[in-house]
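Hello,

Please find the structure below. My notes on it follow.

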Amino acid sequence: MLRQASRLLARAPILAARARPFSTDLPAAQSADATFTEAWAKVIPNMDPPKTPLSFMQPRPPTPSSIPSKLTVNFVLPYSSELATKEVDMVIVPATTGQMGVLPGHVATIAELKPGVLSVHEGTEVTKYFVSSGFVFIHANSFADIIAVEAVPLDQLDANLVQKGLADFTSKLSSGTTDLEKAEAQIGIDVHSALNSALTG
Amino acid sequence: MAMAALRREGGRFAPLIYPRPITAFRSSPLPPILENEGPVGVRYISTQVVRNRMKSVKNIQKITKAMKMVAASKLRAIQTKAENSRGLWQPFTALLGDLPSADVKKNVVVTISSDKGLCGGINSTSVKISKGLHKLNSGPEKETKYVILGEKAKAQLIRDSKKDIELIITELQKNPLNYTQVSVLADEILKNVEFDALRIVFNKFHSVVSFVPTVSTVLSPEVVEKEAESGGKLGDLDSYEVEGGETKGEILQNLAEFQFSCVMFNAVLENACSEQGARMSAMDSSSRNAGDMLDRLTLTYNRTRQASITTELIEIISGASALEG
């Protein structure tokens, strides 16, 4: 029994050390939503209220009075965060209304993305990605959040497959019968022609 | 050999041997020691029952140890995915804030749970929180419906909230989790369920021993507009220019749907991690328990074995001493 007690004691501090959350999940100073906690405590007094996403996020800095020199970009995909709070000079995003350049001090905007090329300009180097679609939020404090479903660097695209895909979907559009098939074929054509112009242009 | 000698002299030592009538049934339930009748009425104690128990407990210990290893390897695989998906919901919360206390008419609680059991108490916590949210959002003209992912929550919620369940989805982890699958699921839910606010209940993975029940709220575009107009947390949403699309409403609709699929993806991954972690600790404590049980049974076994040896010896020695003297 003494052996077990010592084993338990040895395990406790290790657990406490390992209980730190991941580095990607910084414990924010934000307090949970107070109204929610109060309402919960009134109705269900025996249980702790569940946590909300606000308590897991770093708070964003407020809008500065002067335009900052750099734009802070978060570029996230479902399976990875490509760029996380990276300071850059400019990004060009493929919004549905066309290529949109974002500089520090850009007005707050919500824009939907269409398939196209996203380029990140940092000093002299430019990184280009082909994004499938998504959203971009530009906040007043020169933070830009780009959320895309799929993004690949341009050098990983194969020109032959792009041509083949384009031909496939064009034939599907002409042979499609239902609205759904036609819509799917149209989407395919849009994506592949954007891929094409990304590779050539 | 001593036993054989005793049997040969059986006739002379009649008063030493006590033939016991075999009772039809025992008065006390399941005694740990069996007393058998030997060939000439000699008693010896059997350790068969204890030995059987020891064998089965040892097997259980092996099985639970193996299950713990399997859960550990599955956890490693899915943990990187969950970590990478953590950046996905943050932009939405940064833009739209988090309003779990939003007062809406149609609430939908999406409960995420596991399909398999033996994973500790995480599914019960999720169900308790879902029921709590149901209670919190009950009132005149307000209704709360459930969308259930996973067998375990289905089993618990179907007992008393059957009429409130809209959709049940199981066998989520048959194929490895990916965004396409989750977005199809989100599409189904959005098509079939009317909602003003979606509350997703899941267990967020902090570490192998700590899982925090969390609720993420996704509001429908109409509610977002209403909250933005009334000021408060979403007040400065109006200051955002909306590019593209015909109307602002269309963009907000797409935004809400995209937000739902992103938040669902992260929630499903986090819950899967929590499930594996909880299973690891449950199986670990179970194999430790089995080990303790085995120790106790071994002591009992040794005691009965030694007692039977001692009884044999006593009988032989008293028989031998009776011979001499």
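In chain B, the axes of helix 2 (residues 48–84) and helix 8 (residues 248–324) come within 7 Å and cross at roughly 160 degrees. Axes here are lines fitted to C-alpha atoms, for helices over the stretch in contact, with angles from 0 to 180 degrees between N-to-C directions. Helices are DSSP runs (H or I, at least four residues), numbered from the N terminus. Helix 2 and helix 8 of chain B are therefore roughly antiparallel (over 145 degrees). Their contact residues comprise 19 nonpolar, 10 polar and 10 charged. Nonpolar means Ala, Val, Leu, Ile, Met, Phe, Trp, Tyr, Cys and Pro; charged means Asp, Glu, Lys and Arg; the others, Gly among them, are polar.

This is a predicted model: local features need pLDDT of at least 70 and side-chain atom pairs pLDDT 80 or more, while totals for chains, interfaces and linings use all residues. Residues are numbered from 1 along each chain, chains are lettered from A and ligands numbered from 1 in the order written, and side-chain values use heavy atoms, without hydrogens and water.

Between the chains, 52 residues of chain B are in contact with 51 of chain A (heavy atoms within 4.5 Å).

Regards

Definitions and conventions. Helices (H or I, at least four residues) and strands (E, at least two) are DSSP runs, numbered from the N terminus. Angles under 35 degrees count as roughly parallel, over 145 as roughly antiparallel, 65 to 115 as roughly perpendicular and the rest as oblique.
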